Each structure stands twice: as C-alpha cells, then as structure tokens.
Amino acid sequence: MSNHKQFQLRPPVIAADADQSYWLQSTRDLDDSPAPALHGPSNADVAIIGGGLTGLWTAIRILEADPDQKVTVLEADICGSGASGRNGGQIHSWFESLDRLTSVTGPEEALRLAHATREAIQELKALQDAGEIDMDLRLDGWIWSASSRAQEQAWEPALTRCEENGAAPYRRLDAAELNRRTGSSVPYTGVVEEMAGSLNPGKLMRNLKKYAIRKGITIHEHTPALSITPGSRARIQTPGGELSAPRVLIATNAWASSIPELRRKMYVVDSQVVVTEPIPDQLDALGWKAGEAICDAQNQVLYYQRTPDGRVVFGRGSGGTIVGDRLGAKMNRHPRWVKDSIRELGRVYPSLKDVKIDYDWLGPIDCVPAHVPMFGNLTGHNNIFYAVGWNGTGLAQIPACSRVLSSMVLGLDDQWAHSKLINQATAKSLPPEPIRFIGATIVRAALIRKNAAEIRDRKPGILTEAVVRLMPKGTTEH
C-alpha cells in the first residue's frame with residue numbers, strides 16, 4: 001500500500017428527526033451547546049473521526065494522560081447519533097465474555113479487561129453522583145435469562161471461567177425471583193450481575209459531549225470526514241475544511257467498513273428497537289418497578305428495560321446484513337422487523353400486546369468474527385489508527401478500552417499499550433462480496449427458523465442446525 005494513497009470514507013446517511021432513537025428524540029432539550037462545524041484549515045495533535053462513545057472517551061483519556069495534547073473530534077451528525085445513541089441502554093461487565101476475550105488476549109489480560117469494565121461502571125456512577133454526567137444510570141442489575149430449554153445454561157461457561165479466576169459477579173435466579181424482578185413469567189431461569197443495569201444513552205451522549213468540551217476537547221459536529229490523506233501529518237478533508245494531525249483515530253463504528261482493509265475483517269448487522277407509550281401503572285401492576293436490564297440467551301437476543309417514566313424499551317437482534325459498506329437510510333429505520341419485535345413483546349408480556357408503540361428504529365452493529373474488538377493501525381500507516389468490532393456491547397467496555405486506545409495513539413509504554421487487542425495477529429478475514437452477503441442471508445434465514453422452533457421448545461431441522469453452525473457466535477446489541 002502506498003503511503004500516499006488517499007482513503008475515501010463513506011459518511012453516514014443522517015437520520016431524519018423522526019427516525020432517531022427515542023433516547024435522542026426525548027433529550028433534544030439538553031442539546032444547548034451545539035458544536036460548530038469545521039470551516040477552513042485547522043490543526044490538532046490528535047484527530048478523532050467519530051463523536052460517539054469511542055471517540056469521546058478516547059479523547060478524554062488522551063487528555064488525562066497528557067493534558068497538553070490538542071485533541072479534535074469530527075462528527076458527521078451530532079455526537080451519539082450512531083450506535084452510541086441507538087442502543088438498548090444496557091450496561092454490564094465483560095465477565096460474560098471471558099472465554100472470547102481469553103481466546104484473543106490470554107487469561108491474564110482477559111481478567112484485567114473484565115475488571116476494568118466493572119471499574120468503568122463505578123466511574124460512570126461516580127460521574128453521575130458528582131453531577132458531571134447525568135445519564136439515568138440505575139444499577140438495579142443485568143439479568144441474563146432463559147425462556148426455553150435451548151437457552152438454559154447458556155451462562156455456565158462464563159460462570160465456570162469466572163470461578164476459575166476467583167471472580168463471582170453473578171448470582172443464580174430462580175423462576176420466582178425472575179418473575180418478581182421482570183414482571184414476566186416467561187423467563188424462568190437465569191443469573192444476575194447486580195452491579196450493572198440500565199441507562200439513557202441519549203442523556204449519556206449529550207452530557208458526555210459537554211463533559212468532553214469542559215475538559216478542553218474541540219468538537220466539530222455536522223462535519224463528515226470525506227477522506228484521509230496519509231503523511232507525517234495526515235490530512236482529513238471535510239465539506240467545509242481540512243484538519244491536519246500527526247495522529248488520527250478512526251472511531252466510526254459500522255462506517256469504518258468503507259476502508260477496504262477494515263471491511264475484510266468486519267461485518268455489519270442491524271438491531272431493532274421499539275419503545276412503548278408510558279404505561280407506569282400497568283408495569284407497576286406486573287411488579288416491574290426498577291431499572292434492571294434484561295436479556296435472554298437466544299441467538300437473536302432480546303433485550304429490554306423499563307424506563308424511569310414507565311415505558312418499555314424492547315430490542316431484538318434482527319441480524320439484517322448489508323452488501324459491502326452500503327449503509328443507507330434503512331439502517332436508521334425500517335418497518336420490516338417492527339411487527340416481529342411487537343410480537344415478541346406480546347410473548348414476554350401478554351398483557352402489553354396491545355400497548356401503543358411510540359418509537360421504533362434500527363441500529364447498525366460493527367461485528368468481527370472473534371466478537372472481541374479490534375484496535376490497531378492501518379497497514380503501512382503507523383499514525384492512522386482504528387477501533388472496530390464492539391459487537392453491540394460497549395457502554396462499559398468502551399470507557400475501559402479507551403485506556404488501551406489512548407495509550408496506543410500516544411505511543412505510551414504501559415500495560416494498556418501492550419494489549420493483545422491491538423493489531424490482532426489471529427484476526428480472521430471474511431469472504432469477499434457477494435459471497436459474504438449471500439452466505440449471511442442464508443444463515444440468517446436458518447437462524448430465524450431455529451429460534452422460532454426453540455422458543456416453542458421444538459427441535460430445529462438437521463439442515464437448519466447445520467447452516468446456523470456457520471454463523472459467528474455471540475452477535476448481540478445491549
């Protein structure tokens with residue numbers, strides 16, 4: 001690869017106001033400090049493309065490590081308009097992924113990263129308690145449950161790995177406690193991580209942006225990065241200006257797939273979320289009164305929570321795929337999965353099956369085969385870095401891993417800079433298009449058949465099982 005090759009970036013299709021998430025629509029009044037677009041030439045020590053959780057947390061960590069750095073964040077829309085403000089609002093540690101982490105980093109670092117995510121949850125609580133970042137964080141627990149025989153004991157490998165490492169973040173739940181905490185008799189066995197729970201991603205992102213600005217970070221919203229020209233000072237072209245910096249971090253989540261080197265290692269799926277009208281009295285009657293984050297153990301994971309104002313946020317991993325990097329308006333909102341989500345809401349909460357749905361949206365998820373995020377630098381460009389592959393789980397993981405990203409970008413020599421998440425030698429490349437899309441479509445159809453059978457405690461067909469085994473495991477969005 002030539003050191004002078006320009007990287008073309010695909011800016012996201014900006015969601016119409018009605019297509020934004022409930023989180024962002026309901027917190028517009030908090031956006032009283034819009035960040036201006038970039039106009040003309042500008043310089044920075046570190047340029048970060050993407051104003052989501054990854055971009056903002058990494059910028060904050062860089063200034064914590066070196067307050068003299070001039071850090072500039074470019075955001076194509078508003079901060080949090082991507083996955084950071086479109087997720088299900090569930091926050092939990094990485095102990096549920098110890099197996100996957102260990103396969104990439106080894107056991108020692110995997111355990112350190114899992115502990116770092118618990119520390120990140122405590123950090124978020126401290127920031128909220130201090131009045132720095134209000135996010136409606138409620139540490140009422142994260143419940144990992146089963147509602148069919150096929151889902152039972154899905155958590156056993158995680159519990160075993162935790163026990164082997166002297167960690168005990170989970171407690172087993174019986175049907176009675178599950179019913180009491182979820183207001184549903186459908187989940188009947190599971191575990192809970194008590195120091196976990198739910199939050200409002202819209203409040204988090206709008207207030208994290210203000211926090212970053214108070215720390216001294218320069219943010220330009222409505223400033224899509226169109227291209228990167230490598231060099232000792234890379235140049236980022238935008239519609240109205242150019243930002244030059246000796247170090248660049250690409251933190252654009254699913255949209256990083258516009259870079260061919262990254263597209264070969266990642267794929268993008270979508271996840272559907274619906275939100276009901278406020279029904280606090282009905283939820284109280286079910287006994288569902290707190291802020292637990294709840295999910296089940298099927299491949300097309302369900303995740304849901306009660307909001308403080310008595311709505312139900314109900315999400316589902318729909319698993320829709322795209323061709324190449326063609327992320328369009330249908331990745332913001334599409335009616336194709338709404339009926340499925342409403343049907344599943346009625347299955348879990350039969351008394352709510354006729355409740356009005358006030359909001360629905362899609363969220364694109366950047367995935368990698370190992371289901372462990374990948375960091376590093378583009379081949380031949382030691383000053384252009386990337387972070388992809390959050391696989392839908394990032395509210396605690398990103399503030400923890402932003403320490404890795406900060407040390408990587410600054411070239412520090414500490415335990416974070418030596419993380420095996422950086423430039424993963426064993427990272428798999430995916431098949432080229434259109435083989436990838438065709439294969440993903442076939443696997444997804446089989447997965448739908450498998451889930452439909454298993455949720456009714458039936459056995460899927462042999463062919464269906466064989467096809468599903470071709471799918472990388474663990475794609476979720478919480």
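Residues are numbered from 1 along each chain as its sequence is written, and side-chain values use heavy atoms, with hydrogens and water left out. Since the model is predicted, local features need pLDDT of at least 70 and side-chain atom pairs count only at pLDDT 80 or more, whereas totals for chains, interfaces and linings use all residues.

A pair of aromatic rings is described by the distance of the centres and the angle of the planes. Rings of Phe, Tyr and Trp (for Trp, the six-membered ring) are taken to pair if their centres lie within 6.5 Å, and planes under 30 degrees apart count as stacked, over 60 as edge-to-face and the rest as tilted. The structure holds 10 aromatic pairs. One of them joins Trp288 and Tyr304, whose rings lie 6.3 Å apart centre to centre with 90° between the planes, an edge-to-face arrangement. This pair links distant parts of the chain, 16 residues apart, with Trp288 in the loop between helix H9 (280-286) and strand S16 (293-296) and Tyr304 in strand S17 (residues 302-306); helices (H or I, at least four residues) and strands (E, at least two) are DSSP runs, numbered from the N terminus. Trp288 has a relative accessibility of 0% and therefore counts as buried, and Tyr304, with a relative accessible area of 3%, is buried too; here buried means under 20% relative accessible area, exposed over 50%, and partly exposed in between (1.4 Å probe, protein chains only). Trp288 also pairs with Tyr349, and because the ring centres are 4.8 Å apart and the planes lie at 5°, this pair is stacked. It again links distant parts of the chain, since Tyr349 is placed in the loop between helix H10 (338-348) and strand S19 (357-367), 61 residues from Trp288. Both Trp288 and Tyr349 are buried. Elsewhere, Trp142, Trp144, Trp155 and Tyr170 form one aromatic cluster.

Helix packing was described for two pairs of helices, with axes being lines fitted to C-alpha atoms, for helices over the stretch in contact, and angles running from 0 to 180 degrees between N-to-C directions. Helix H3 (residues 98-105) packs against helix H4 (residues 107-129) at an angle of about 135°, with the axes 7 Å apart. That angle makes H3 oblique to H4, given that angles under 35 degrees count as roughly parallel, over 145 as roughly antiparallel, 65 to 115 as roughly perpendicular and the rest as oblique. On the H3 side Leu98, Leu101, Thr102 and Thr105 take part, and these meet Pro107, Glu109, Ala110, Leu111, Leu113 and Ala114 of H4, where contact means heavy atoms within 4.5 Å. By class, the contact of H3 with H4 has seven nonpolar, two polar and one charged residues; Ala, Val, Leu, Ile, Met, Phe, Trp, Tyr, Cys and Pro count as nonpolar, Asp, Glu, Lys and Arg as charged, and the others, Gly among them, as polar. The buried residues in H3 are Leu98, Leu101, Thr102, Val104 and Thr105, and what covers the buried residues of H3 includes H4 and helix H5 (156-164). H3 is followed by Gly106, which has a positive phi, near 90°.

The second pair consists of helix H2 (residues 53-65) and helix H7 (residues 201-215), which pack at an angle of about 25° with their axes 10 Å apart, and H2 and H7 are therefore roughly parallel to each other. Leu53, Leu56, Trp57, Ile60 and Leu63 of H2 make this contact with Leu204, Met205, Leu208, Lys209, Tyr211, Ala212 and Lys215 of H7. By class, the contact of H2 with H7 has 10 nonpolar, no polar and two charged residues.

Three individual residues complete the account. Ser419, in the loop between helix H11 (397-410) and helix H12 (435-454), has a relative accessibility of 4% and so counts as buried. Leaving aside neighbours within four places in sequence, Ser419 is in contact with Glu109 and Val404. Tyr188 lies in the loop between helix H6 (175-182) and strand S8 (189-193) and, at 27% relative accessibility, counts as partly exposed. Not counting residues up to four places away in sequence, Tyr188 touches Ala146, Ser147, Ser148, Arg149, Glu152, Asp174, Ala175 and Leu178. Pro280, placed in helix H9, is partly exposed at 29% relative accessibility, and touches Arg306, Asp309 and Gly310 when residues up to four places away in sequence are not counted.
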